Amino acid sequence: MPKVLVSDPIDQVGIDILSQVATVDIKTNLSPEQFIQIIPEYDALMIRSGSRITKEIIDAGTQLKIIGRAGVGVDNVDVPAATRRGIVVVNSPEGNTIAAAEHALAMMMALSRYIPDANTSVKSGQWDRKSYVGAEVYKKTLGVVGLGKIGSHVANVAKAMGMKLIAFDPFISNERAEQLGCRLVDMDLLLRESDYITLHIPKTPETTHLINAEALAKMKPNARIINCARGGIIDEIALAEALEKGLIGGAAIDVYETEPLGESPLRALGKQAILTPHLGASTAEAQVNVAIDVAEQIRDVLLGLPARSAVNIPGISPDVMEELRPYMQLAETLGKFVGQLAGGRVELLNVKLQGELATNKSQPLVVASLKGLLSEALRERVNYVNASIEAKERGIRVIETRDAAVKDYAGSLYLEAKGSLGSHSVTGALLGDGEIRITDIDEFPINVPPTQHMLFTLHRDMPGLIGKIGSLLGSFNVNIASMQVGRKIVRGDAVMVLSLDDPLPDGILAEIIKVPGIRDAYTVTL
């Protein structure tokens, strides 16, 4: 039975889900040395923000298949090291969306009305109303930096509160921004026009210290900024100086460059600053949601199914994964097929999206095709995470093309593998119920569902040949489940596809090739 290590506290519902398929050990507050010592025992690792999973820990995890982060950020995981080892890294991009958005809104309101300081004042016996005259957010301009799920929810609520919305997000269309009631602007204009700025972007080399002294100098003197996204997006020293000098009106900060927050000039600020200890996802509902989300993904991966929110599978977001999941299975199946037909060393894989499929993203299907292609040689070592890396290291060149004109099926996928033993191709499609059909082999039209054991022959279309093959298989006690022939012209070349109940015994393939009229024969095991 697989083993899962849980190294940070998570909700019991997550433990219950993992226990359905694995032995679960809960060991928290592990040192790096303790991690390295015990991680070789485990197939999966579930963490929150408390555990830092380094390359050394990942390299020691020789059995690891998946690392699950119960939350959004994965900056405490060496994702490139995990990718190199073929370990899936998943998070919960939506589990704490509402919690994080509501905390940003709460911080904005608390900052506007000086709620923390007013609360402390009253509890200390004072009644100083004049010191806490706040500001209304109604009709004020809110600048939203990042219109992802959290930023979008903030925008929707702020719009309902009567705020004017502008946004900066280079990855979103004008149409989507307009749906949210936002006007897309550049960062410079957002800094200058906003009464409030809320950040909802990841920390990357491009966003580190995005809000620096220069940016703060562009803001209105009474503008307020909220960061419930990631520490390091704001230069904290520059922010403290801007607040001390009155260059901006206030700041509400939930995340920091170093956590827990140590010595910092932010601590000395008065009512113009609110500091909370990374509470964005700290609601009872969010903790349950992220525990369920990540535990289900770990369970699925241990059962051999794909994860829906893997951060290190190229080009596959959760939405795309869900939409393309059936076609990814088709691509993987066809990759296995064409890889076994080609045999030997494959040098080039041509991936062609046809019909309606031509309008979809190609990268997920390329990754799935490569996984199938390499599975015969690499077995469990290849997965959606490392398939592209493994292919590149083996010198396999990939060509992606599209042909929307093909109308035989709503959408079909064509794979061609060229290598040391020649070239072979296979085309497949999905029927209305999601059933996979192979519709073409080496340009010969057929229509068969893939099965575990299959035999293909290239032969001359001539009377009696099919019967000879059937008799030969029968003499070896091989039962034929189904048979179909595809040909282009009468008495020309043809292919025969046999679905078998059992694998072919040793030596029978050589006997088949000896049959007069048989040009070649291949077996495929799925």
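What share of the contacts in the chain with a separation of 6 or more is accounted for by residues 24 or more positions apart? Such residues account for 63% of these contacts, a contact being defined by heavy atoms within 4.5 Å. The model is a predicted one, in which local features need pLDDT of at least 70 and side-chain atom pairs count only at pLDDT 80 or more, whereas totals for chains, interfaces and linings use all residues. Residues are numbered from 1 along each chain as its sequence is written, and side-chain values use heavy atoms, with hydrogens and water left out.

The chain contains 17 helices and 22 strands. These elements are DSSP runs numbered from the N terminus, with helices being H or I runs of at least four residues and strands being E runs of at least two. Along the principal axes, the C-alpha atoms fill a box of roughly 105 × 50 × 35 Å. Of the 526 residues, 50% count as buried; buried denotes a relative accessible area under 20%, exposed one over 50%, and partly exposed a value in between, computed with a 1.4 Å probe on protein chains only.

Two helix pairs were examined. Helix α1 (residues 12-19) packs against helix α12 (residues 284-302) at an angle of about 15 degrees, and the two axes are 8 Å apart. The axes are lines fitted to C-alpha atoms, for helices over the stretch in contact, and angles between N-to-C directions run from 0 to 180 degrees. The arrangement of α1 and α12 is therefore roughly parallel, given that this term covers angles under 35 degrees, with roughly antiparallel applied over 145, roughly perpendicular from 65 to 115, and oblique to the rest. The crossing of α1 and α12 is right-handed, meaning that the near helix is turned clockwise from the far one, whereas a left-handed crossing has the near helix turned anticlockwise by less than a right angle. Helix α1 contributes V13, G14, I17 and L18 to the contact, and α12 contributes V288, A291, I292, A295, E296, I298 and R299. By class, this contact comprises eight nonpolar, one polar and two charged residues. Here Ala, Val, Leu, Ile, Met, Phe, Trp, Tyr, Cys and Pro count as nonpolar, Asp, Glu, Lys and Arg as charged, and the others, Gly among them, as polar.

Within α12, E296 is partly exposed, with a relative accessible area of 22%. Apart from neighbours within four places in sequence, E296 is in contact with I17 and R308. Between the C-alpha atoms of E296 and A391, which are 95 residues apart along the chain, the separation is 29 Å.

In the second pair, helix α5 (residues 97-113) and helix α7 (residues 149-160) meet at an angle of about 50 degrees, with axes 9 Å apart. Helix α5 is therefore oblique to α7, and their crossing is right-handed. The residues in contact are T97, I98, A100, A101, A104 and L105 of α5 together with K149, I150, H153, V154 and V157 of α7. Eight of these residues are nonpolar, two are polar and one is charged.

Helix α11 (residues 236-244) has E236, A238, L239, A240, A242 and L243 as its buried residues. Among the elements covering them are α10 (213-218), β10 (224-227), β11 (250-253) and β12 (273-275). At the start of α11, a side-chain oxygen of D235 comes to within 3.2 Å of the backbone nitrogen of I237. Just after α11, G246 adopts a positive phi of about 75 degrees.

Two serine residues were also considered. S51 occupies the loop between β3 (44-47) and α3 (55-60) and counts as buried at 5% relative accessibility. When residues up to four places away in sequence are not counted, S51 touches S7, D8, F35 and N76. The side chain of S51 makes a polar contact with the side chain of S7 at 2.8 Å and another with the side chain of D8 at 3.0 Å. A polar contact is a pair of N or O atoms within 3.5 Å; within protein, one atom must be able to donate a hydrogen and the other to accept it, and residues adjacent in sequence count only if both atoms are side-chain atoms. S375 lies in helix α14 (residues 363-378) and is buried, with a relative accessible area of 14%. A polar atom of the S375 side chain lies 2.7 Å from the backbone oxygen of G372.
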